[in-house]
Amino acid sequence: MNCDNCKERPASVIFTQESMSGTTERHLCEKCAFQSQMFHFDPNQEPLSIQQFLSHWFGVNDSAQPFQQSRDSMPEGPTCPDCQLSFRKFLDIGKFGCPTCYDTFRERLPRIFSKLHNGHTTHVGKIPVSFNELFAVKKKIDEIRLKMQEAIDEERFEDAAALRDEAKALKHRLAECSDGGEEHDVN
Amino acid sequence: MEVKSTMSINKFMKGAVTGWMASHGEHSDIVMSTRIRLARNLRGYRFPIAFTPEEAQKVDASIAAALLNSDENGYAYMKMSELPSLERQVLVEKHLISPQLIDTKRHGAVLLSKDETLSIMVNEEDHIRIQCIYPGFQLENAYDHADTVDNYLENELPYAFDEDFGYLTSCPSNTGTGMRASVMMHLPALTITKQIDRIIPAISRLGMVVRGSYGEGSEAPGNIYQVSNQTTLGKPEKEILSDLKNVALRLIAHERRSREILLSKSRVALENKLFRSLGIITFARLLPSGEAARCLSDVRLGIDLGIIEDVDMSILNELMIFMQPGFLQQYAGSELTAEERDIFRATLFRERLSAEQHEEENDKEN
């Protein structure tokens with residue numbers, strides 16, 4: 001079945017609307033489901049079913065779930081500043097819109113990951129080399145600061161000034177690395 | 001006349017055979033292929049579900065540039081929007097791209113290594129999907145290959161990565177390692193004896209998923225199942241691989257035992273079934289895809305058990321791919337109706353199997 005909105009992509013998200021006249025369903029593709037909020041989302045018009053999300057994404061139909069709330073009282077939650085995805089919308093479509101979503105929803109994610117990944121909530125696998133370097137730079141800055149304090153305590157002010165400059169340069173590099181997007185090289 | 005068309009089929013197939021269809025590799029009688037997929041995204045860009053066409057183009061251009069500049073692999077680069085729909089379908093049928101990549105509005109593209117072992121999808125659900133398919137049961141080798149490409153890309157492009165959550169992906173079910181490892185297994189004896197129905201729920205309790213080879217749903221045409229890891233968070237890659245390996249090894253052992261039991265308890269009935277299937281694919285004039293898949297499974301089992309001797313396994317692997325609609329139509333050079341496809345499929349099978357016999361006879365004469 002194709003998406004009711006764009007009629008092009010296959011529908012993968014079902015929106016149900018309950019009203020006095022009965023229940024209507026709209027079948028949307030991920031992209032249209034995502035955009036439906038940014039362009040014409042009206043919470044009164046299309047109440048979204050959290051149960052559907054849970055049953056679809058977590059394979060749970062149990063009504064005693066932590067996310068189970070009445071539709072009206074389920075708040076939008078925080079909204080991602082980069083892609084405008086709200087937490088509630090995230091639950092509905094089951095997809096993040098951008099890397100910043102992870103930061104925006106950080107506190108709420110362990111509960112979801114725990115359900116999806118057999119109780120696990122933290123990554124323990126491969127780390128990109130560039131991130132190892134990032135950690136290394138952070139650690140180095142801490143070390144230099146300690147040395148700087150020692151130099152100050154021992155009144156070696158020239159040494160302290162040199163260390164301060166070194167830390168400053170490293171902090172600048174760190175800012176470049178974690179800035180994202182444009183800075184391709186951490187070296 | 002017949003020889004001419006046979007040659008053209010051989011030529012067509014040789015041009016279309018892809019690395020993972022070979023019939024070698026450990027346990028290759030049961031494990032047909034091994035696949036590793038790594039999902040990655042670039043830092044500073046929204047995911048394909050939410051990005052603008054401008055972002056899509058930038059992502060596509062930077063990934064393509066990074067890979068095409070690497071002189072090692074010699075990738076072929078194809079934009080989905082520029083590829084005829086039949087060719088896209090053929091790539092899907094060869095398992096080199098996913099059906100989702102074809103959504104042209106996302107500026108999807110694929111980079112293929114020469115032997116087609118490696119395919120890197122751009123702007124599918126994530127910016128980058130590194131996929132490596134090996135013949136037989138080769139989880140470590142396939143992972144090492146994908147990992148090498150991942151290391152190269154990571155050096156060229158900044159990935160979206162988080163200290164707590166690992167590799168950030170659009171779908172929370174991929175967060176962490178971003179890795180999906182899967183093995184495609186031919187399990188006819190477990191299916192015939194219905195043991196598979198009890199095994200599938202048991203495996204899912206171990207954090208693994210079993211489905212039919214063509215993605216979602218448990219229906220398994222041709223008794224081919226895909227077993228893969230479900231969890232991507234909280235376990236290192238090597239542990240996920242070894243867990244999957246253990247599950248697959250247990251399935252292999254079960255399947256072998258069931259085959260022995262079938263053979264000892266009802267040899268004649270089994271031989272009858274397998275040879276009838278060989279008869280169908282060798283002589284049929286109309287061959288619907290379901291029947292073709294079932295018969296290929298039987299003949300494959302027959303070869304594995306030493307009951308059917310003069311058919312080459314690699315031909316079965318080829319036919320399994322070439323029996324699909326996209327391939328048939330590409331070979332025919334035009335669109336075909338369902339019935340025309342059944343006729344064409346029967347012709348293709350007949351000629352491919354008889355071409356094999358011709359080759360054997362020629363070999364004997366020489």
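Two strands are said to pair if DSSP finds at least two bridges between them, and by that criterion strand β4 and strand β5 (residues 128-135) of chain B are antiparallel partners, with five bridges between them. The structure discussed here is a predicted model, in which chain A contributes seven helices and two strands, while chain B holds an open sheet built from eight strands.

- The eight strands of the open sheet follow the order β2-β3-β4-β5-β1-β8-β10-β9 in chain B, and their pairing is antiparallel.
- Because β2 and β9 (208-212) of chain B stand at the edges and have a single partner strand each, one side of each is left without a neighbour in the sheet.
- On average, and with direction ignored, neighbouring strands of this sheet are turned by 20° against each other.
- Helix α6 (residues 196-204) of chain B packs on the sheet, where it touches β9 and β10 (224-229) of chain B, and the direction of this helix makes about 145° with that of β9(B).

**Strand β3 of chain B and its partners**

- Strand β2 (residues 76-79) of chain B pairs with β3(B) in the antiparallel sense over four bridges, and within the β3(B) pairing B:Y77 stands opposite B:L111.
- Strand β4 (residues 118-122) of chain B also runs antiparallel to β3(B) and is joined to it by four bridges, with B:L111 standing opposite B:I120 in β4(B).
- The side chains of strand β3 (residues 109-112) of chain B divide between two directions, in that B:A109 and B:L111 point one way and B:V110 and B:L112 the other way, and all of these residues are buried.
- β3(B) and β4(B) form a hairpin with five residues between them, and in its turn B:E116 has a positive phi of about 65°.

**The largest nonpolar core**

- The largest nonpolar core has 116 residues, of which B:V110, B:I120, B:M185, B:V227, B:A248 and B:L296 touch the most other members.
- Helix α9 (residues 289-304) of chain B gives the most to this core, contributing seven residues.
- Domain 1 (1-38) and domain 2 (49-58 + 74-125) of chain A both give residues to this core, so the core lies between them.
- B:V227, when its neighbours within four places in sequence are left aside, is in contact with a set of residues that includes B:M185, B:I203, B:M208, B:L244 and B:A248.

**Chain A as a whole**

- Read along the sequence, the elements of chain A follow the pattern β-β-α-α-α-α-α-α-α.
- Of the 187 residues in chain A, 23% are buried.
- Among the contacts in chain A with a separation of 6 or more, 38% are between residues 24 or more positions apart.

**Where the chains meet**

- The contact between the two chains takes 35 residues from chain A and 34 residues from chain B.
- On the side of chain B that touches chain A, the residues divide into 14 nonpolar, twelve polar and eight charged.
- A:G125 lies in the loop between α5 (109-116) and α6 (129-153) of chain A, and, apart from neighbours within four places in sequence, this glycine is in contact with B:G166, B:G176, B:T177, B:P236 and B:E237.
- A:G125 counts as partly exposed because 19 other C-beta atoms lie within 10 Å, whereas a residue is called buried if there are 20 or more.
- The C-alpha atoms of A:G125 and A:E8 are separated by 38 Å, and the two residues are 117 residues apart along the chain.

**Loop residues with positive phi**

- A:E155, in the loop between α6 and α7 (157-179) of chain A, has a positive phi of about 60° although it is not a glycine.
- A:E155 counts as exposed, since it has 8 C-beta neighbours inside 10 Å.
- B:N123, found in the loop between β4 and β5 of chain B, has a positive phi near 60° and is likewise a residue other than glycine.
- B:N123 is buried, because 26 other C-beta atoms lie within 10 Å.

Conventions
Residues numbered from 1 in each chain as written. Chains lettered and ligands numbered in written order. Predicted model: local features only at pLDDT ≥ 70, side-chain atom pairs only at ≥ 80, totals over all residues. Buried ≥ 20, exposed ≤ 12 C-beta atoms within 10 Å, placed from the backbone. Contact = placed C-beta atoms within 7 Å. Nonpolar A, V, L, I, M, F, W, Y, C, P; charged D, E, K, R; others polar. Core = buried A, V, L, I, M, F, W, Y, C linked by C-beta atoms within 7 Å. Domains from an automatic or database assignment. Axes fitted to C-alpha atoms, helices over the stretch in contact; angles between N-to-C directions.
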